Amino acid sequence: MISEIFVKIVAIVLLAAVAVVLILGIRTLFKGDGDKKTSNKLMQLRVLLQFVAIIVLVALAYFYKN
């Protein structure tokens, strides 16, 4: 059975990963260097990470239910 601590750790790691990519994307966007391609790629990565995070958390919730 999946422990509650494991679920919390996974949720925190996924949240941190999404937050880091979001901050990097926003920083690159507003840096003013004109590197919009990199900012766009980071934002696409953020959306992908959000999708993965939702799928993983829903799967963990399904298997963790009592």
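Analyst: Happy to! Ser39 is found in helix H2, which covers residues 36-64. Please keep in mind that this is a predicted model.

User: Is Ser39 buried or exposed?

Analyst: The relative accessible area of Ser39 is 3%. Buried means under 20%, so Ser39 counts as buried.

User: Which residue has its backbone oxygen 3.2 Å from a polar atom of the Ser39 side chain?

Analyst: Leaving out residues up to four places away in sequence, Ser39 touches Gly25, Thr28 and Leu29. The backbone oxygen lying 3.2 Å from a polar atom of the Ser39 side chain belongs to Gly25.

User: How do the directions of H1 and H2 relate?

Analyst: The axes of H1 (residues 4-30) and H2 come within 8 Å and cross at roughly 165°. Angles over 145 degrees count as roughly antiparallel, so H1 and H2 are roughly antiparallel.

User: How many nonpolar residues are in the contact of H1 with H2?

Analyst: H1 passes H2 in a left-handed crossing. The residues of this contact include five polar and three charged ones, and the nonpolar ones number 21.

User: What is the C-alpha to C-alpha distance between Ile2 and Ala61?

Analyst: Good one to finish on! Ile2 lies in the segment before H1 and is partly exposed, at 24% relative accessible area. Not counting residues up to four places away in sequence, Ile2 touches Val7, Leu60, Phe63 and Tyr64. Ile2 and Ala61 are 59 residues apart in sequence, and their C-alpha to C-alpha distance is 9.7 Å.

Note on methods: Residues numbered from 1 in each chain as written. Predicted model: local features only at pLDDT ≥ 70, side-chain atom pairs only at ≥ 80, totals over all residues. Heavy atoms only, no water. Helix = DSSP H or I, 4+ residues; strand = E, 2+ residues; numbered from the N terminus. Buried < 20%, exposed > 50% of the residue type's maximum accessible area, 1.4 Å probe, protein only. Polar contact = N/O pair within 3.5 Å; in protein donor to acceptor, adjacent residues only side chain to side chain. Contact = heavy atoms within 4.5 Å. Axes fitted to C-alpha atoms, helices over the stretch in contact; angles between N-to-C directions. Parallel < 35°, antiparallel > 145°, perpendicular 65-115°, else oblique. Left-handed = near helix turned anticlockwise from the far one by under 90°. Nonpolar A, V, L, I, M, F, W, Y, C, P; charged D, E, K, R; others polar.
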